[in-house]
Amino acid sequence: MVKEITIDTFHPRRTRYCVIIGVFNEGKRFTLQLERLAGASCRADIIIADGCSTDGATASQQIAGQVHALVVDRRRLGLSAQYQTAIAYALSQGYEGVIMVDGNGKDGMEGVNCFITEFDRGADLIQGSRFLPGGSCRNTPLLRWICIRMIFSPLMSLASGFRYTDAINGFKGVSRKLLEHQDFQPFRQELSKGYRLQYYINYRAPCLGGQVLEIPVVRDYPSAEEEIPTKIRSWKSYWNIFLALCRTCLGFYNPRIHYTKAF
């Protein structure tokens, strides 16, 4: 019987923080992203949260010299489940914060060290925003731009009490303190589908009084002549995202048992 989750650790923890890259069959885009991380002199260990890719880009022999660990989740539940597994592993290794980023090559890896700086200043949730001064959103598809700016970010801002400009950007940092807060509980099964965990993090952190901020990041899409690296391709996908976001903002995924312990 094949294990649902396997973990290959290639070297001991070397840093206080880690970058978790969520990937599924991104091929060369993922390979180039690892190269850019190395070129950016990344001050964090790298953990790969793989959804059981079949393209060979995440094979152990390909990445062993570049990353701390490869966490493979074969359940095919979606990116949130991959992140849950990798974050749980990161906490077990003693990391003080995790930086989550998609493995499709759209994000500027030079921003990782800015996340680390904010962690050192005490931040609990650091949300990357392509729309802040100093950020970049080149070639963002018009429909996605409208949804993020006119629907998703205002909705999340209203519900959480923190004004987001790029609420569903997958490039974000989360502190160990927030992840282990008694009333946060990120490893529940109800958060494992689709992108629920990512939305829940942004909604719940301000509600619990965590230190939240946005920082400018690069999130550039390729030119119109190239294939857009995304798993969101249909109206049904957008509708499911909208429903998950609404349920999050209405508290559907809040823990059923609440505590009074605060930061």
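Helix α5 passes helix α7 in a right-handed crossing, where right-handed means that the near helix is turned clockwise from the far one by less than a right angle. The model is a predicted one, in which local features need pLDDT of at least 70 and side-chain atom pairs count only at pLDDT 80 or more, while totals for chains, interfaces and linings use all residues. Residues are numbered from 1 along each chain as its sequence is written, and side-chain values use heavy atoms, with hydrogens and water left out.

Helix α5 covers residues 142-160 and helix α7 residues 196-207. Their axes come within 8 Å and cross at roughly 35°; the axes are lines fitted to C-alpha atoms over the stretch in contact, with angles from 0 to 180 degrees between N-to-C directions. Helices (H or I, at least four residues) and strands (E, at least two) are DSSP runs numbered from the N terminus. On the α5 side, Met-156, Ala-159 and Ser-160 take part, and they meet Tyr-199, Asn-202, Tyr-203, Pro-206 and Cys-207 of α7. Contact here means heavy atoms within 4.5 Å. By class, this contact has six nonpolar residues, two polar and no charged ones. In this scheme Ala, Val, Leu, Ile, Met, Phe, Trp, Tyr, Cys and Pro are nonpolar, Asp, Glu, Lys and Arg are charged, and the others, Gly among them, are polar.

Glu-190 is buried, because its relative accessible area is 19% and buried means under 20%, with exposed over 50% and partly exposed in between (1.4 Å probe, protein chains only). The side chain of Glu-190 makes a polar contact of 2.5 Å with the side chain of Arg-188. A polar contact is a pair of N or O atoms within 3.5 Å; within protein, one must be able to donate a hydrogen and the other to accept it, and residues adjacent in sequence count only if both atoms are side-chain atoms. Apart from its neighbours within four places in sequence, Glu-190 is in contact with Arg-196, Phe-252, Tyr-253, Asn-254 and Arg-256.

Phe-131 lies in the loop between β6 (125-129) and α5, and Trp-145 in α5 itself, so the pair ties together parts that are 14 residues apart in sequence. Phe-131 is buried at 17% relative accessible area, whereas Trp-145 is partly exposed at 34%.

Strand β8 (residues 212-216) contains Ile-215, which is buried with a relative accessible area of 7%. Ile-215 and Gln-127 are 88 residues apart in sequence, but their C-alpha atoms are 6.3 Å apart in space. With neighbours up to four places away left aside, the contacts of Ile-215 include Cys-114, Phe-115, Ile-126, Gln-127 and Leu-132.

Arg-219 counts as buried, at 6% relative accessibility. Its side chain has a polar contact of 3.0 Å with the side chain of Asp-102 and another of 2.7 Å with that of Asp-107. Beyond four places in sequence, Arg-219 also touches other residues, among them Lys-106, Arg-130, Ser-136, Arg-138 and Asn-169.

Asn-25, between β2 (17-23) and α1 (28-39), has a phi near 55°, a positive value in a residue other than glycine; Asn-25 is partly exposed at 27% relative accessible area. Cys-52 also has a positive phi, of about 70°, although it is not a glycine. Cys-52 is placed between β3 (45-50) and α2 (60-63) and is buried at 19%.

Arg-43 is found in the loop between α1 and β3 and counts as partly exposed, at 42% relative accessibility. Its C-alpha atom is separated by 7.1 Å from that of Thr-15, 28 residues away along the chain. Not counting residues up to four places away in sequence, Arg-43 touches Thr-15, Asn-113, Ile-116 and Thr-117.
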